Amino acid sequence: MNTKAPHPKAHHAQGEDIDHAEHVDTGIMSRRWIYIGSAVLLVAILVTGIIAYSGVHKTNEANNKANELRSALAAAGLPQPDKDLIVRTLGTDGGAVCEDPGQALRNGADRVGLANGAAGPGQRPIIGSARIVEAERIVLQTYCPDKVDDFDDEISDLKFDDVVKQ
Amino acid sequence: MASMDVPAGRVATGKRTAAHAGPKLNAISWLALALMTTSSVASLRAAPTMAVYGLACVFLYLIPALVFLLPTSLVSAELASGWSGGVYRWVAEGLSKPLGFLAVWCQFAMTIFYYPSLLAYVASTFAYVIDPSLATHGLYTAIVIITLYWLGVFVSARGTKTVAGLSSMGLIIGTLIPGLILVVLGFVFLGQGNPSAAPMDSDHILPPWTGLASLVLIVNNFLSYSGMEMNAVHVSSLKKPATEFPKAMFTAMGLVLLIFILPALAISWVVPSSSLSLTAGVMQAFDAFFAYFNVDWLTPVLGIMLIAASLGGMLTWLAGPSKGLLTVAREEGYLPPFLQRLNKHGVQQNILITQGVVTTGIALLYAFIPDVSSAYWIFSVITTQVYLIVYLLMFVAAMRLRRTKPDHPRGFRVPALNVVCIVGLLASAAALVIGFVPPSQFGSGSLWSYLVIVGGGLFIVGLLVPYLFYKFRKPHWKQPDTEWKAGVGTSTEGEAQA
């Protein structure tokens, strides 16, 4: 009989291929579950976000506050945004702008954010425009005057320059 | 995540190595690499900040693109099309192995302080959507940072292909789609006959010149493009690295420019700069934008999309520099064997875990100690200074390699390489010098104390620590593995020759 025994190396290679294929399958499965898990997580927080998000509502009080803010901005020589825009973003209580402006974490985040145009690890502080704080201070005076002192404390040691063209 | 002391690139069976199975198992497309690179560098996070400058934001992005983005992209495209292994390999081949280690260390070290600030931004964005008061809670911030960071480590430990998939999705969902929506709405606004909120005339092309502050603004914007070279460490995961990597780089370069410029312009058309200022924050600015169109419900959707983009970007930073560090650690024994261990996916899990422990510590300090959070901005100055060392070394190495190894096969050659490198080198050096100018946050503090803090940080993180690793390296820490080296070193070259 002239039958050829399988070459040991060929046998080994075949076994290796089976292992290899199994690993590929496992890898694809594992990756698929990570993708599915990420998608589910994203949808879950999206739904949570949409449900929890409470936009501000147009009320007489919000309109009055917006008018008051526009007057204050005009008096300070700053451009006045559209009244509806102010109503929708600041409502009656100033929204997130009035949320603990002097608190350390907020302070820290604001200082990290006073930066160049990088969105990645190239983010780096700059010498910013005073307008950034001028307008915010007026918002606080209008909507939450009790927070102005905290805000002043936060910005008292910042220095600015006119890097934005009026 | 069981770890094994196996050669890098070896897979679960232990029978195949990077040279054979690695590229096939973990192969990614050039488009995925382009999206990964874009995700590492660009997102909409900076759009409201830059919209304040109106039309001048185009100048503030284009000039840095010419002197920094273009040189870094072109040079890394040439180097990656000739040598695999990323910045370590380039600098090691062009200058010396210790300097190669310095380059990859600087690239790695700068990310450690980046994650807490990135994830704190994610935490505050999510808080804005569900309950803004949460943003000021240390415990909430710490939980978000630590949970997301370790989830990122878990995902990164599954291999390059998983990271590529998720970061690409993050970019598409979190940056490209919302960016397109912003731009379309911006054009709709103008199409309705509304005047642009920011003047778009020739007087506003340039930002006002106020001397040093303007110089700081312009030069610091060079760093907006830092990270373009980082994903070159995955070049051996491409099927045809020599031709596909340059293609990925050019695509990423175009996408990065579009993502940075167009949404910022669109916001400046709709939302007056005073309003951007008074809303004090990224999310409030988007809120004001959507409020104009009466689609306020898009604000929470955009917030979640931005979170997806940030997490996708974080994955690329977790997977990239640590992989480069692993290469040098194994080849030269610069890191102890514990840090060289790989998991069954061939990922440097112990480096990631060690980095995670440090990041967790920093995150806890950031979240709970007011002095740390208030002064955290200083770390972004120090780490960007450290990162600039990478670019200085990369440009010098590229010029030297062209001179010493002109015939080494490269899939792409930069025309007038020396000129391009000198422009990049000068831009990096200028950014390094400007990094010593105190920003707004330093207020009226003493210039000398600022120089000592930034210079000291640069010296410790960028020079002293890598020097100590180098000095205390042990010959027996080397894990010579010819197949690993071959896998890293030849795939690009072979293809370039072909």
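## Basis

Residues are numbered from 1 along each chain as its sequence is written, and chains are lettered from A in the order in which they are written. In this predicted model, local features need pLDDT of at least 70 and side-chain atom pairs count only at pLDDT 80 or more, while totals for chains, interfaces and linings use all residues.

## Helices 13 and 14 of chain B

Helix 13 of chain B spans residues 282-292 and helix 14 of chain B spans residues 298-332 (helices are DSSP runs of H or I, at least four residues, numbered from the N terminus). They pack at about 140°, with axes 9 Å apart.

Helix 13 of chain B contributes B:Met283, B:Phe286, B:Asp287 and B:Phe290 to the contact. Helix 14 of chain B contributes B:Leu298, B:Thr299, B:Leu302 and B:Gly303. Contact means C-beta atoms, placed from the backbone, within 7 Å. By class, five residues are nonpolar, two polar and one charged.

## Chain B against chain A

Here 97 residues of chain B touch 70 residues of chain A. Helix 14 of chain B gives the largest share of chain B's side, eight residues. That side has 49 nonpolar, 40 polar and eight charged residues.

## Helix 5 of chain B

Helix 5 of chain B (residues 87-94) is mostly covered, with eight of its eight residues buried (20 or more other C-beta atoms within 10 Å of a residue's own). Among them are B:Arg89, B:Trp90 and B:Glu93. The buried residues pack against helix 4, helix 6, helix 14 and helix 18 of chain B.

Methods: Axes are lines fitted to C-alpha atoms, for helices over the stretch in contact, and angles run from 0 to 180 degrees between N-to-C directions. Helices (H or I, at least four residues) and strands (E, at least two) are DSSP runs, numbered from the N terminus. Two residues are in contact if their C-beta atoms, placed from the backbone, lie within 7 Å. Ala, Val, Leu, Ile, Met, Phe, Trp, Tyr, Cys and Pro count as nonpolar, Asp, Glu, Lys and Arg as charged, and the others, Gly among them, as polar. A residue is buried if 20 or more other C-beta atoms lie within 10 Å of its own, exposed if 12 or fewer, and partly exposed in between; C-beta atoms are placed from the backbone.
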